[in-house]
Amino acid sequence: MKKDNQSCLTEIVFLGFSDFQSMRELLFCLVLMFYFMALTGNSLFLILTILNPTLHTPMYFFLWNLSFLEIGYTSTISPKILVDILSENRTISFWGCGCQMCFFILFGLSECCLLCVMSYDRYVAICKPLQYPYIMKYRKCAKLAAVSWTIGIFVSLGQSISIFTLPFCGSNRINHFFCDIKHVLRLSSTNTYKDELAIAILAALIILTPLLLILFSYILILSTILNMPGAKNRHKAFSTCSSHLTVVCIFYGTGIFTYIHPHSEYSMDSNRFLALLYTVVTPSLNPIIYSLRNKEIKAAFKKSVARK
């Protein structure tokens, strides 16, 4: 009877991209390229924001946190993908799977909350520009960032512990390339309906709430921009939040489509490629999106290069 409360699995097998063996070299090169871009771009962003006093502002403080999250987010998944693509033994230990899931939820959920905080920062900057220095003081920015990280830590630990204390005595194969919640739950040898329902409710509260707050912030921002005199002023105001809006659309768009559309064999294949998009590709694009039209970042980079 005691065995019911213990796990029978010692390792989990990722089927991942095993059905794409004919193109594994190409897949390996693509994942490696995007992972390298994510590490390089976000690390460079971290260094620039630390070394340049002109970037010591609330917006760049939050971007610093976002870059740190992106490095952790993609590093939780990408190295294992690279090993598994070229390996015949695509396994992970049971507790290693638990750690991977925990860090994936931590970085992903913290990013959801941080994107919400950044939308609040843009709201204050555009709708209350004269009060911005007084509202967005360093201490308040640090508290907002800390809250984002704290929510991610507590939810990730709670979710991972509740899932990995279930009995796992059946199949150990996952048709995915990392320990995603819904795929791991299917391995449990007990009825997981209540667990899936609890996860769905928690996701609605903790993931959709930041999204709704972001949308509400941008409704107020758009209303303020449309009431500004002169097309030049409107364009300048909108350009300050266009990068953030692009990142929000990519991050939430891929995530919502992956976890909401109906389950089928086709959706399983599309889910893997969508998951590859938001775990590997998106973290490499964010530094480019935020730097492409950002004169301050370009000036800071040129200044750093000139010093060298």
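Buried here means under 20% relative accessible area, exposed means over 50%, and partly exposed is in between (1.4 Å probe, protein chains only). This is a predicted model, so local features need pLDDT of at least 70 and side-chain atom pairs count only at pLDDT 80 or more, while totals for chains, interfaces and linings use all residues. Residues are numbered from 1 along each chain as its sequence is written, and side-chain values use heavy atoms, with hydrogens and water left out.

**Helix α8**
- Helices are DSSP runs (H or I, at least four residues), numbered from the N terminus.
- On α8, Pro210, Leu211, Ile214, Ser217, Tyr218, Ile221 and Ile225 are buried.
- Those residues sit on the same side of α8, because they cover an arc of only 125° around the axis, taken from the directions from the helix axis to the C-beta atoms.

**Salt bridges**
- There are three salt bridges in the structure, each a side-chain nitrogen of Lys or Arg within 4 Å of a carboxyl oxygen of Asp or Glu.
- Glu25 pairs with Arg24 at 3.9 Å, N to O; Glu25 is partly exposed at 46% relative accessible area, and Arg24 is partly exposed at 21%.
- Asp84 and Lys80 meet at 3.3 Å, N to O, and both are buried.
- Asp84 and Lys80 are four residues apart in helix α2 (residues 58-86), so about one helical turn separates them.
- Asp121 and Arg122 meet at 2.9 Å, N to O, and both of these are buried too.

How values were computed. Helix = DSSP H or I, 4+ residues; strand = E, 2+ residues; numbered from the N terminus.
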